[in-house]
Amino acid sequence: VALDYVPKEGLNWVGNVNELNAGYAADGYARIKGISAVVSTFGVGELSLLNAIAGAYSEYVPIVHVVGTPSTLSQRDGMLLHHTLGNGNFEVFSDMSKNISCAMAKLNDPHEAATLIDNAIRECWVQSRPVYITLPTDMVQKKVEGERLKTPINLDHPANQADKEDYVVDVVLKYLHAAKNPIILVDACAQRHRVLDEVHDLIEKSNLPTFVAPMGKGAVNEALPNYGGVYAGDGSNAGVRERVESSDLILSIGNIKSDFNTTGFTYRISQLSTIDFHSNYVRVKFSEYPGVRMQGVLRKVVDKMGELNVQPGPKASNEIEHKDKEVSHDQAITHDWLWPRIGQWLQPNDIVITETGTAAFGIWETKFPKGVSALSQVLWGSIGYSVGACQGAALAAKEIGDDRRTILFVGDGSFELTAQEISTMLRQNLHPIIFVICNEGYTIER
């Protein structure tokens, strides 16, 4: 019943081939446009989505998941319905989603529905994670109070306590001014929690050597002269590890120290030389300040910073080494040649999606032009994610009206898992560029 209202309200029904792919597409869409929604049926449909929703939860991607459920009467009476476990328990599937949703709204009462919906959308945006909303069939056409629609949902975070924020800023500035060779390290949560304006101002005003973690690819303007490349412990770009680990102060913004993001936990950074900025706390060396969000702190640090000690760092480039330039037509394509060459071909503002494994690791060696957005599941790492995410990202760019290329790098094994979404791309008149890396399949597993 609810889906009948989609075209009536001027919404675009995408209609993915299956629920898992729809979840991946919603993830890619949200990473480009800011937030997304996906609709599934009760039980069989929502369970197919759980892998994608769990990935979005782990990587801080805001998705509104709406589940069409049986009527409140059917649930109350424990009726033996299709798509159930046959035991009268209608809570079992929502219980499965509870730990991968930052808020849940069960619309069983029209008097509460508007409040629950608004709260779920707010939490989805503010926490940058999925929310779960159930819509019983007998609630779809119920009348609700419409007065709330006149007031936009407040999506702002509460401001930091002023004196506490000022104290943290002073502590940060004390160590920053004392440092002899500070650097900036940017990661995924700077993107997810929307502090890139502050980060870019910090990078440009300070002129400090700046690096990104793998999950932070695309978070900063890699065309800036002080951009130095990817820091990932043993997997860092040439010269990066030495520069980062010799720094006496690291401004670490939104860092996620997962195994893939640190090349098997091979970071060698002391907490004594690190200031961590996060969405709900700031940690200066071993002193933690809970409840102090990084956005307000970063803004004041930029405004009050003044002159710093700046020691130059390595320069990222897409130069192909001489030994790799002379490639004959019958030779296998090497990573040392491919990824810098891709960097030479990319254009400003491209959207680049890389699949878990070969492409996700290889793209570390590609220096992006200005404005490139990078999508990859470095933490969750679900094989096949990138094809669905490509469809969602391309659709988001089309709706925004950007003339941006959407480019996918996927292995032949991963491609087989979700290749059905090519049909959705065709139906939606999307034109991504897809590179299928044929290396005999499932290299990440082998």
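Predicted model: local features only at pLDDT ≥ 70, side-chain atom pairs only at ≥ 80, totals over all residues.
For Phe361 I wrote down a relative accessibility of 33%, which counts as partly exposed.

I then turned to the aromatic pairs in general, of which the structure holds 10. Among them is the edge-to-face pair of Tyr167 and Tyr289, at 6.0 Å centre to centre with 65 degrees between the planes. Because Tyr167 lies in helix 7 (residues 162-178) and Tyr289 in strand 11 (residues 287-290), this pair ties together parts 122 residues apart in sequence. I noted Tyr167 as partly exposed at 49% relative accessibility, whereas Tyr289 is buried at 14%, because buried means under 20%. I also found that ring pairs link Trp339, Trp345, Phe409 and Phe435 into a cluster.

Next I checked charges over rings, and saw that the charged end of Arg129 sits 3.9 Å from the centre of the Tyr57 ring, while Lys8 lies over the face of Tyr5 at 4.9 Å from the ring centre.

Last, I looked at the second largest pocket, which holds about 720 Å³ of space. Of its 40 lining residues, the closest to the centre are Arg31, Gln191, Arg192, Leu196 and Ser373, and the lining divides into 22 nonpolar, 10 polar and eight charged residues.

Key:
Residues numbered from 1 in each chain as written. Heavy atoms only, no water. 1 Å grid on protein atoms, 1.4 Å probe; cavity = no way out; pocket = protein on both sides within 12 Å on 5 of 7 lines; lining within 4 Å. Points joined across faces, edges and corners; volume = space filled by probe spheres on them. Nonpolar A, V, L, I, M, F, W, Y, C, P; charged D, E, K, R; others polar. Phe/Tyr/Trp six-rings, centres within 6.5 Å; stacked < 30°, edge-to-face > 60°. Helix = DSSP H or I, 4+ residues; strand = E, 2+ residues; numbered from the N terminus. Buried < 20%, exposed > 50% of the residue type's maximum accessible area, 1.4 Å probe, protein only. Lys NZ or Arg CZ within 6 Å of the ring centre and 35° of its normal.
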